[in-house]
Amino acid sequence: MFNALARLMREIVITWLIRVFTTNDIVRYQMLKLIADEINEKKLTGCVAELGVYKGDFAQRINRQFPERKLYLFDTFEGFDERDVKVEKEFDTYARKNDFRNNNTALVMKKMKHTRNCIIKKGWFPETAENVEERFVFVSIDTDLFAPTYIGLKYFYERLEEGGYIFVHDYNGKLYGAKEAVQKFSKEHNIPYVPLSDLCGSVVFSK
Ligand SMILES: C[S@@+](CC[C@H](N)C(=O)[O-])C[C@H]1O[C@@H](n2cnc3c(N)ncnc32)[C@H](O)[C@@H]1O
């Protein structure tokens with residue numbers, strides 16, 4: 001009973017935090033628009049993607065900015081996976097299995113304006129990327145956690161078109177391991193990034 005109540009409270013706080021931090025972040029939205037205009041004006045080819053969609057609030061903006069491009073939506077849609085949470089323990093973060101579990105794909109698809117271009121990849125990333133053979137021009141990585149952020153950066157940077165961009169959210173979020181993943185990837189591959197002054201301190205990689 002107590003555990004169920006504690007989990008419910010945690011879920012409410014997470015939903016509230018996401019509302020506050022992702023639905024009022026003008027700097028993040030303006031960066032997305034500026035970058036989308038740049039990509040579209042240059043007529044670069046490639047798909048767009050979000051890894052870590054949750055209820056689709058940022059994904060719907062990606063969909064609006066790139067109406068003609070395929071949008072891959074990667075998420076468990078059941079919250080954090082135990083395998084990632086185990087890795088997170090090394091960083092002593094707040095991650096718990098199934099945080100963000102209160103979700104479903106129908107709700108996400110309802111928010112998309114150009115649904116015909118949306119491809120839901122439900123399940124644990126990187127498993128869900130196994131049969132995806134695409135190049136990308138824009139990717140938002142917003143899983144919060146070390147493991148999927150680090151593997152996501154490796155996966156998407158390799159498949160990023162020249163002139164493309166990757167956003168990583170929550171670099172300055174403090175609660176989970178995304179920052180460590182960005183720094184490790186950048187150092188190992190000698191690829192620089194630019195920090196942004198949006199609400200959670202995102203970073204941008206370009207190619
Ligand atoms: C902070 S939320 C995403 C918020 C969303 N981008 C927005 O702006 O509203 C993090 C999401 O990442 C997902 N996630 C974390 N690790 C994952 C993994 N390995 N594979 C798939 N999804 C994952 C969680 O299920 C959760 O929905």
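Residues are numbered from 1 along each chain as its sequence is written, and side-chain values use heavy atoms, without hydrogens and water. Because the model is predicted, local features need pLDDT of at least 70 and side-chain atom pairs count only at pLDDT 80 or more, while totals for chains, interfaces and linings use all residues.

Me: Which strands are the edge strands of the open sheet of seven strands?
Reply: The sheet has mixed pairing and the order β3-β2-β1-β4-β5-β7-β6. Strands are DSSP runs of E of at least two residues, helices are runs of H or I of at least four, and both are numbered from the N terminus; two strands pair if DSSP finds at least two bridges between them. Each edge strand pairs on one side only, and these are β3 (118-122) and β6 (194-195).

Me: What is the bridge partner of Ala49 in β2?
Reply: Strand β1 (residues 47-51) runs parallel to β2, and four bridges join them. In β2, the partner of Ala49 is Tyr72.

Me: What angle does the direction of α3 make with that of β1?
Reply: Helix α3 packs on the sheet, touching β1, β2, β3, β4 (136-141) and β5 (160-168); contact means heavy atoms within 4.5 Å. Axes are lines fitted to C-alpha atoms, for helices over the stretch in contact, and angles run from 0 to 180 degrees between N-to-C directions. For α3 and β1 the angle is about 175°.

Me: Is Glu68 buried or exposed?
Reply: Glu68 is in the loop between α3 (57-65) and β2 (71-75). Buried means under 20% relative accessible area, exposed over 50%, and partly exposed in between (1.4 Å probe, protein chains only). At 64%, Glu68 is therefore exposed.

Me: Why does Glu38 count as partly exposed?
Reply: Glu38 is found in helix α2 (residues 26-41). Glu38 counts as partly exposed because its relative accessibility is 33%.
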